[in-house]
Amino acid sequence: MFSMTTSTSSLLGKQLSSSSSKHLTKEQPKRHDKINVKVAAMSNVSRNPNMAQLRAGYLFPEIARIRNAHLEKNPDAKIISLGIGDTTEPIPAPIVSGMANAALALGTVAGYEKTGGYGSEAGQQPLRDLIVKRFYSEKTKINASEIFVSDGSKCDISRMQQMFGPGRKVAVQDPAYPAYVDSSVINGHCTGYDEKTKRYENIVYMECVPGNDFFPNLEAAKDADIIFFCSPNNPTGAAATRAQCKELVDFANKNGQIVIYDAAYAFYIENPDCPKTIYEIEGSETCCIESCSFSKYAGFTGLRLGWTVVPEALKFADGSSVRFDWNRCMCTAFNGASNVAQGGGLAALSDEGWKSMQETVGFYKENAKMLKKTFEELGFKVYGAVDAPYVWVDFDGRDSWEVFTEILTKTDIVTTPGAGFGPTGDGFVRMSAFCHRDNLETAIERLKKEFAK
Ligand SMILES: Cc1ncc(COP(=O)(O)O)c(C=O)c1O
């Protein structure tokens with residue numbers, strides 16, 4: 001469909017109805033006639049009102065836009081990114097070999113028969129078995145039929161929203177990974193946006209601040225259907241303790257919510273008092289879905305591999321199986337993770353691969369601790385960095401976009417303003433530990449020079 005001026009639209013209307021483009025009518029303008037046709041490509045489809053409700057760009061494209069503007073003004077700036085949580089270190093060799101072998105196998109008849117083609121939507125059985133062995137068998141009852149391998153956690157979060165359908169009351173930690181709120185808006189859970197509070201209506205924001213040890217007052221979510229809970233949390237880096245997880249599980253079982261427990265950073269936990277999976281907590285199978293990812297363990301952010309656990313014991317209000325619906329959604333919206341990525345996943349869970357993941361995660365954790373120490377020495381209050389690759393720096397209530405801009409302007413370092421993760425994040429800035437060591441050392445020097453209190 002085209003938008004056009006009236007003078008030409010009637011003309012072209014006749015022309016289009018009475019002839020094909022090959023058989024021009026009398027009214028057809030001559031080659032050199034000036035016609036004023038505005039060919040704005042416009043369909044008859046009205047915009048999804050849920051999309052129209054979304055505020056600003058998604059956080060990271062917005063940061064990229066400001067960074068690019070800074071670079072345009074300062075073309076010689078040597079930008080260092082401690083912003084987006086994207087991994088920087090190469091995928092460890094044993095894991096790359098596993099992928100290379102998986103790719104080569106696809107070039108043989110026997111190999112293609114074994115792992116080629118669409119494969120199972122829920123993932124290759126040996127991978128599902130190994131995920132159970134590595135992450136669940138020691139402390140939980142989760143079995144392989146409850147594991148759904150996927151192309152990553154963010155994709156699963158969106159597909160979960162699809163499974164639950166529109167109009168749900170969703171509760172999120174504030175601050176939190178932006179995908180929970182944005183996918184909630186897109187899927188029609190919110191009824192508007194309050195400019196004053198910077199909150200979407202019908203979404204429950206559960207404040208997580210130093211004063212409550214970054215564990216929210218769950219009562220706020222009493223009427224919610226779905227609770228997104230991320231531990232260790234992005235951006236605060238706070239990992240929930242066993243007692244806090246038990247409180248969450250008991251609350252959800254008592255009030256009938258389903259918790260979507262995001263454990264994308266569980267491998268970073270070193271505090272023995274914090275569980276690495278929610279299924280270590282008694283009662284969690286009847287209220288929790290867990291989402292996990294190889295992204296931050298093995299550098300698979302671009303490769304795409306993750307998994308979601310949906311226990312058989314988890315039921316909807318009518319007694320029907322959530323696992324059954326999840327399987328149905330995955331079979332409809334997804335055709336299985338890339339077989340090469342699954343080859344990488346299998347290798348990552350071998351003894352050699354596991355060790356190499358521990359080393360990579362250890363490297364990022366060391367980065368996080370270096371950053372934490374730097375800011376502490378500069379006189380700031382700093383959170384996170386021990387059980388997560390994120391450092392959450394307290395800037396005494398200052399506007400976090402302003403602090404973000406100041407850091408960028410003074411040091412050419414990209415960070416993430418806390419407000420981008422929710423209104424309670426204002427006053428803080430998130431620094432990511434995903435960085436080459438030499439860049440981090442340079443960043444630390446620049447920060448020490450410019451931000452001594
Ligand atoms: C809390 C959290 N969950 C999920 C994801 C997305 O993981 P994936 O790469 O598997 O989509 C991220 C990525 O930054 C994250 O921070």
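Guide: Helices (H or I, at least four residues) and strands (E, at least two) are DSSP runs, numbered from the N terminus. The model here is predicted: local features need pLDDT of at least 70, side-chain atom pairs count only at pLDDT 80 or more, and totals for chains, interfaces and linings use all residues. Residues are numbered from 1 along each chain as its sequence is written.

Visitor: Is Arg65 buried or exposed?
Guide: Count C-beta atoms, placed from the backbone: 20 or more others within 10 Å means buried, 12 or fewer means exposed, and in between is partly exposed. Arg65 has 11 others within 10 Å, so Arg65 is exposed.
That settles the class of Arg65: exposed.

Visitor: And is Tyr136 buried or exposed?
Guide: Tyr136 lies in helix H6, residues 125–136. Tyr136 has 21 C-beta neighbours inside 10 Å, so Tyr136 counts as buried.

Visitor: Which residues does Tyr136 touch, not counting residues up to four places away in sequence?
Guide: Contact here means C-beta atoms, placed from the backbone, within 7 Å. Thr277 is 141 residues from Tyr136 along the chain, yet their C-alpha atoms are separated by 7.7 Å. The residues that Tyr136 touches are Ile142, Thr277 and Tyr279.

Visitor: What share of the 453 residues of the protein chain count as buried?
Guide: The chain has 15 helices and 17 strands. Its C-alpha trace spans about 85 × 60 × 50 Å along the principal axes. The buried share is 43%.

Visitor: How many residues has the largest nonpolar core?
Guide: A nonpolar core is a set of buried Ala, Val, Leu, Ile, Met, Phe, Trp, Tyr and Cys residues, joined through C-beta atoms within 7 Å. Val172 is among those with the most contacts inside the core, and so is Phe228. Val172 also touches Phe228 directly. The core has 119 residues.

Visitor: Which domains make up the protein chain?
Guide: The bounds come from an automatic or database domain assignment. One of the domains has two segments, 52–90 + 353–450. The chain is divided into domain 1 (2–45), domain 2 (52–90 + 353–450) and domain 3 (93–352).

Visitor: How many residues does the contact take from domain 2 and from domain 3?
Guide: Start with the centres of domain 2 and domain 3, taken over C-alpha atoms: 24 Å separate them. The contact takes 37 residues from domain 2 and 45 residues from domain 3.

Visitor: Which element gives the most to the side of domain 2 that touches domain 3?
Guide: Helix H13 (351–377), S13 and S14 each supply at least two residues there. One of them gives eight residues, the most: H13.

Visitor: Which are the edge strands of the open sheet?
Guide: Strands pair if DSSP finds at least two bridges between them. Four strands run in the order S13-S14-S17-S16, with antiparallel pairing. Each edge strand pairs on one side only: S13 (381–384) and S16 (416–417).

Visitor: What is the bridge partner of Tyr390 in S17?
Guide: Strand S14 (residues 390–394) and strand S17 (residues 428–432) run antiparallel, joined by five bridges. In S17, the partner of Tyr390 is Ser432.

Key. Contact = placed C-beta atoms within 7 Å.
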